[in-house]
Amino acid sequence: MIWGLLVALAQGQGLFDGCGNHAPVAGTAGYTNARNAVRTTVSTYGAGSFARRRLRKNTAGVMDWHAVFNVARVPHTCDFGESVYDGQFYMQPFDVAATNLGLRAPIFSDGPANSNLRVFYASSVVTGTTWAGPALLAVPMFNIYPAFAAPVVGRANAYVGISAYTVDWIGGASFRSDVVSFQAGYTGNRGLYLDITQDRFGLFTNGIFQEIVRDGPTPENLAYLMGGVQHLDHADAFGLDDKVGRTSLFARALPQERQDEGEEDAPEAERAKPLRTLHIEQDSMWEKWDVNLTGQLLGGARLRDVGVAFHSEGWHVRQGRRNLEGDKFYVRAGMVSLPPQPLFGVDGGLLPSVKAVYVKRLDDRELKLSAYMNEPEVLDLYPYAYNAFAVNLEMTFFLESL
Amino acid sequence: MVLLVGCPRPLDPEQPCEEIAYAIGARTEECTGDGELGEARVQALLDGYECLDRAEVPEGQSESGGDDAFACALVLRDVACELVAEAGDDLDAWLSFSPSCRLALGRSGVADTGVP
């Protein structure tokens with residue numbers, strides 16, 4: 001029954017007034033945005049940022065599914081007699097499903113300065129569809145195989161039209177100690193992934209250079225780079241009151257690669273404009289409050305987003321403390337300011353941003369459910385996805401039980 | 001949930017004209033490196049021209065092209081940088097690159113395009 005409903009939705013027959021035989025209008029802003037939504041940079045950033053965020057400390061494995069609805073709106077033609085759009089142009093929503101997988105295995109533990117060594121694997125698969133709405137929730141089933149077997153699938157993209165997918169992966173090792181922690185790995189795009197973190201003062205740098213073996217670390221090969229201070233716990237580092245919480249202050253360069261067919265004779269410098277941002281966050285104030293502020297540094301310096309979050313106690317697992325068992329929640333509200341971007345068909349302006357997360361922690365596993373709209377990080381990757389609604393399901397398994 | 005995930009919807013009558021404006025803006029930014037100039041040309045076209053409602057796909061045509069509502073935008077999106085420099089701020093010159101442009105939009109009452 002449910003499968004039949006999904007198939008009906010996928011074929012666009014009836015429930016959502018879709019068109020059973022449709023074709024996108026190539027070359028329009030919506031079509032270009034849909035093409036750009038499924039690009040290698042997104043997969044690479046997905047794998048790298050996922051490895052940093054989720055494959056640290058005592059994680060053994062993580063599976064993470066995102067569905068972002070209405071990333072772009074693409075003009076289509078319809079040639080289907082039973083559709084209300086037969087013989088007409090109409091707008092078809094374009095959705096994206098991303099699957100991230102992370103696995104870690106111990107090599108040794110209990111070395112000097114509480115050090116340990118692990119090997120890890122992280123992959124990211126990004127799929128785009130015009131399946132219309134809830135049918136997108138079936139896509140993660142198809143993404144599981146390339147997520148597990150990304151080195152076999154390689155970096156070959158099924159990159160035809162807008163129903164496309166891209167894959168990237170990282171295989172490497174992580175060393176962790178009280179003094180400093182490293183993650184280093186080889187990426188599917190023949191690149192180098194590196195993360196260096198000093199936990200006590202939160203100092204870190206993290207990034208990926210693609211094709212580093214062939215070209216070296218050039219700005220053109222930068223998939224992304226970020227660095228600064230993240231989660232500096234004032235109680236741990238300076239002996240201040242717990243209520244002060246933790247401070248993050250870091251910068252990030254995220255190239256907004258574009259893959260238009262029509263830019264062969266465009267100046268080289270205009271082909272990739274990194275989005276450079278400065279992030280300031282204070283979390284765990286009075287254990288339950290977070291605030292954040294992001295500024296865009298280049299390409300029209302501006303305040304990019306501000307937000308306030310309220311969450312249950314122990315939401316952020318602070319240095320040297322236990323991850324609490326049971327139910328946890330997080331709600332965030334803020335505003336995002338998007339600059340006008342005619343290249344993307346984006347008018348710009350202020351957008352409300354909301355996010356709600358629920359976490360269930362049980363012994364050695366954790367389930368996380370999220371729903372959000374105008375999430376700043378989604379808009380950094382997909383600036384044309386304003387007012388896009390997204391859902392996320394994440395399952396984590398830990399090396400040790402509570 | 002259904003409202004949030006979005007559904008297929010009719011073409012906004014303004015969409016083909018917005019596509020033409022975005023094509024001019026995008027090509028301007030790509031060829032000149034000047035994003036603000038691209039934005040100014042987008043706004044000038046939207047202010048200075050009116051969109052003709054042409055949601056129907058011409059008979060016998062299954063993909064965009066020919067003389068349909070999007071044909072003009074598709075031509076302008078790929079116009080050579082030499083022609084971009086030649087047309088400059090003259091939007092009528094841009095629209096002369098394809099006969100389909102005059103089928104998609106017409107001049108509104110505003111005479112001044114506002115392009116600096």
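Of the contacts in chain B with a separation of 6 or more, 67% join residues 24 or more positions apart. Two residues are in contact if their C-beta atoms, placed from the backbone, lie within 7 Å. This is a predicted model: local features need pLDDT of at least 70, side-chain atom pairs count only at pLDDT 80 or more, and totals for chains, interfaces and linings use all residues. Residues are numbered from 1 along each chain as its sequence is written, while chains are lettered from A and ligands numbered from 1 in the order in which they are written.

Chain B has seven helices and three strands. Helices (H or I, at least four residues) and strands (E, at least two) are DSSP runs, numbered from the N terminus. The order from the N terminus on is α-β-α-α-β-α-α-α-α-β. Of the 116 residues in chain B, 44% are buried. Buried means 20 or more other C-beta atoms within 10 Å of the residue's own; exposed means 12 or fewer; partly exposed lies in between; C-beta atoms are placed from the backbone.

Helix H3 of chain B covers residues 35-48. Its 14 residues reach 20 Å from first C-alpha to last, close to the 20 Å expected at 1.5 Å a residue. That expected span is 1.5 Å times one less than the number of residues. Buried residues of H3(B) include B:Glu39, B:Arg41 and B:Leu45. The buried residues of H3(B) pack against helix H2 (15-32), strand E2 (49-51) and helix H6 (91-95) of chain B.

B:Leu45 is also among the residues with the most contacts inside the largest nonpolar core, which has 99 residues. Such a core is a set of buried Ala, Val, Leu, Ile, Met, Phe, Trp, Tyr and Cys residues joined through C-beta atoms within 7 Å. A:Ala122 is another of those residues. Not counting residues up to four places away in sequence, A:Ala122 touches A:Phe50, A:Leu101 and A:Trp169, among others.

Chain A also has paired strands. Strands pair if DSSP finds at least two bridges between them.

| Strand pair | Sense | Bridges | Partners |
|---|---|---|---|
| E14(A) and E15(A), residues 349-362 | antiparallel | 13 | A:Ala333 and A:Val354 |

E15(A) and E16(A) form a hairpin with two residues between them. In the turn, A:Asp363 has a positive phi of about 45°.

A:Asp327 is found in E14(A), residues 326-338. A:Asp327 is exposed because 10 other C-beta atoms lie within 10 Å. Its C-alpha is separated by 35 Å from that of A:Tyr165, 162 residues apart along the chain.
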